[in-house]
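These are my notebook entries on a single protein model. I record below what I looked up, one topic at a time.

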Amino acid sequence: MHSNVIPATIQSYGERINAINKYLGDIILQELRPRDVNRMLQELYGFGKSYNTIARTKAVLNNALQYAVYPAELIASNPASAVKIPAKAPKNLIVREVISLERFKEIMQQFPSGHVMHIPLCIAFRTGMRIGEILGLTWENVDFDKGTVSIVRQMRYIPQQGNFMTQPKTPTSRRTIMMDSILIEELKRWKRLQAGNELRYGTGYAYVDKNSLVTVMSKGLKAGSGMKRLDLVCTHAEGKFVSRGCVTYQVRKLGLNVHSFRHTHATTLMENHALPKDVAARLGHADVNITQNIYTHVTNQMRQNTVESIEKALNHADK
């Protein structure tokens, strides 16, 4: 494994390569034609794959074939370069729902203080952090005096391998954001309860090894060489770490997805006239244009509200 490539990235490339091999693996390189590539993309579309998934698959194939042109000089031209992604492929398969404050209060009643879901969803709703960033958060990165939380790692699940502590998604994902007073009090209360749980019946602690793999060790066992205990914010009462699968399962039972909370936080900020660049920084987006593109519906409504406010003001002045 290359030191600069995280396991999740390797998994993603592997999925793309498996798809390419499925459709094109039996074709000799020199006999591969644009129609073959087009057939693969059309079949991916036919199976309901999103535009982004198809685009990523084509990008992996295109890069490999470009290398085959030069410097490998195995083929004269790239048969994937001019092939278009199906225009009707869905741009967004995830329905992003905005959660009202009333709905969130109902959710918190289902998951009261002390429930394994309480803190992860509080953090998601009030900070817009990605679920992996929330599950990878440790107490050393929570500063109650300054009222800030620093995102320096995330927890990623790799099928058949386990949970890993990895670098944030992008360089700009590594950030420090302010917490509101309610979240600060929730975290303080949970920290006290968590300490009490450890004394009462803690049976396991989360550790990360030299390969960034997260494991749980029984209380009292000596950690092996290269293993470091993780003082995680999000844990079960008995001390083990909270997995993404656990959160996803519980959130789906609510008719939501884990991204709904992040989407709600960003939408709320935009609707309350936060600057797009500030929202992008808080969310950890690499480019403010990403934020503006995702929340175009919000900014358009804000522009319309501005026009209506101007019209009202001018009409009032003319009277």
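In what order do the 3 strands form an open sheet? I found the order β7-β6-β8, with antiparallel pairing. The edge strands are β7, residues 214-218, and β8, residues 228-229, and each of them pairs on one side only. I note that the model is a predicted one.

For V208, I found the bridge partner K228 in β8.

**Entry on K58.** I located K58 in helix α3, which spans residues 51-69. Is K58 buried or exposed? K58 is buried, yet I found no salt bridge for it. The nearest side chain of opposite charge belongs to D36, 15 Å away. A salt bridge would require the charged atoms to lie within 4 Å. The side chain of K58 does reach the backbone oxygen of V83, at 2.6 Å. Leaving out residues up to four places away in sequence, I listed L41, A80, S81, V83 and I85 as touching K58.

**Entry on E133.** I placed E133 in helix α6, residues 131-135. Why is E133 classed as buried? E133 counts as buried because its relative accessible area is 1%, and the cut-off for buried is under 20%. Apart from neighbours within four places in sequence, E133 is in contact with I151, R153, Q154, S173 and R175.

Terms used: Residues numbered from 1 in each chain as written. Predicted model: local features only at pLDDT ≥ 70, side-chain atom pairs only at ≥ 80, totals over all residues. Heavy atoms only, no water. Helix = DSSP H or I, 4+ residues; strand = E, 2+ residues; numbered from the N terminus. Buried < 20%, exposed > 50% of the residue type's maximum accessible area, 1.4 Å probe, protein only. Lys, Arg positive; Asp, Glu negative; His and termini not counted. Polar contact = N/O pair within 3.5 Å; in protein donor to acceptor, adjacent residues only side chain to side chain. Contact = heavy atoms within 4.5 Å. Pairing = 2+ DSSP bridges.
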